[in-house]
Amino acid sequence: MLYENVMVPYDGSPSSRAALEEAARFARNDPEMTLRIVHILDTETRVAALLDKEKRAAADVPSAHLRDLQQRVIEETDAAIHRQIDSILEELDNRVVIEFLEETSPGSQIVAYAEAAKCDLIVMGSRGLGAIRGMLGSVSNHVLREASMPVLVVKAAE
Ligand code: ATP
Ligand code: MG
């Protein structure tokens, strides 16, 4: 077995999907391999965006409504990610772990998770959902710099 415990940080971007497809190739080749798909969800920022649409300030909103919005963000994200990845996962016999972590700094969370879960490889996209173009995004940059295990960076097809 080449890699036992492979992490794919997934943000729904075309390159993270390409990374997941690449990791699925590893998985198909080795049914003993565990695949860990991790999405870091910044609920606070997403709720702030919803409140902005409602033209309300967080301070004026009852906490029950804030909790509803948080719940909505989590459920919508969960559903959207499953819609994107289920067809890839269906064909795998491997153990697959899907995690949603609520945090604001994806780079350090990805590294912390990979270390804690003793991942032996990270397969991630070169870019994410950010608008700026270039070779790497800030998250892939951070993970390449800080992770102690090998990192495979995958580009989306042009
Ligand atoms: P930036 O975020 O700096 O504007 P970007 O969005 O183009 O740039 P990154 O965010 O670095 O690029 O994304 C590179 C890869 O990092 C993604 O393909 C994905 O694998 C991972 N990644 C980024 N954000 C998250 C996240 N919130 N949760 C999980 N993985 C993520
Ligand atoms: Mg990004």
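Guide: A residue is near a molecule if one of its heavy atoms lies within 4 Å of it. This is a predicted model, in which local features need pLDDT of at least 70, side-chain atom pairs count only at pLDDT 80 or more, and totals for chains, interfaces and linings use all residues. Residues are numbered from 1 along each chain as its sequence is written, chains are lettered from A and ligands numbered from 1 in the order in which they are written, and side-chain values use heavy atoms, with hydrogens and water left out.

Visitor: How many residues surround ligand 1?
Guide: The closest are Pro9, Arg127, Gly128, Gly130 and Ser138. Elements that each supply at least two residues of the shell are β2 (34-41), α4 (106-116), β4 (121-125) and α5 (138-146); helices (H or I, at least four residues) and strands (E, at least two) are DSSP runs, numbered from the N terminus. The number of residues around ligand 1 is 21.

Visitor: Which residue has a polar backbone atom 2.8 Å from an oxygen atom of ligand 1?
Guide: A polar contact is a pair of N or O atoms within 3.5 Å. For Ile40, a polar backbone atom is 2.9 Å from a nitrogen atom of ligand 1, and for Ser140 a backbone N or O atom lies 3.0 Å from an oxygen atom of the ligand. The residue at 2.8 Å is Arg127.

Visitor: How much space lies in the largest pocket?
Guide: A pocket is an open set of points on a 1 Å grid over the protein atoms alone, where a 1.4 Å probe fits, with protein on both sides within 12 Å along at least five of seven lines; lining residues have an atom within 4 Å of a point. Ligand 1 takes up the space of the largest pocket, which has 29 lining residues. Its volume is about 620 Å³.

Visitor: Which residues lie closest to the centre of the second largest pocket?
Guide: This pocket holds about 350 Å³ of space and is lined by 15 residues. Closest to its centre are Ser15, Arg127, Arg133, Ala156 and Glu158.

Terms used: Polar contact = N/O pair within 3.5 Å; in protein donor to acceptor, adjacent residues only side chain to side chain. Sits in = over half its atoms within 2 Å of the grid points. Points joined across faces, edges and corners; volume = space filled by probe spheres on them.
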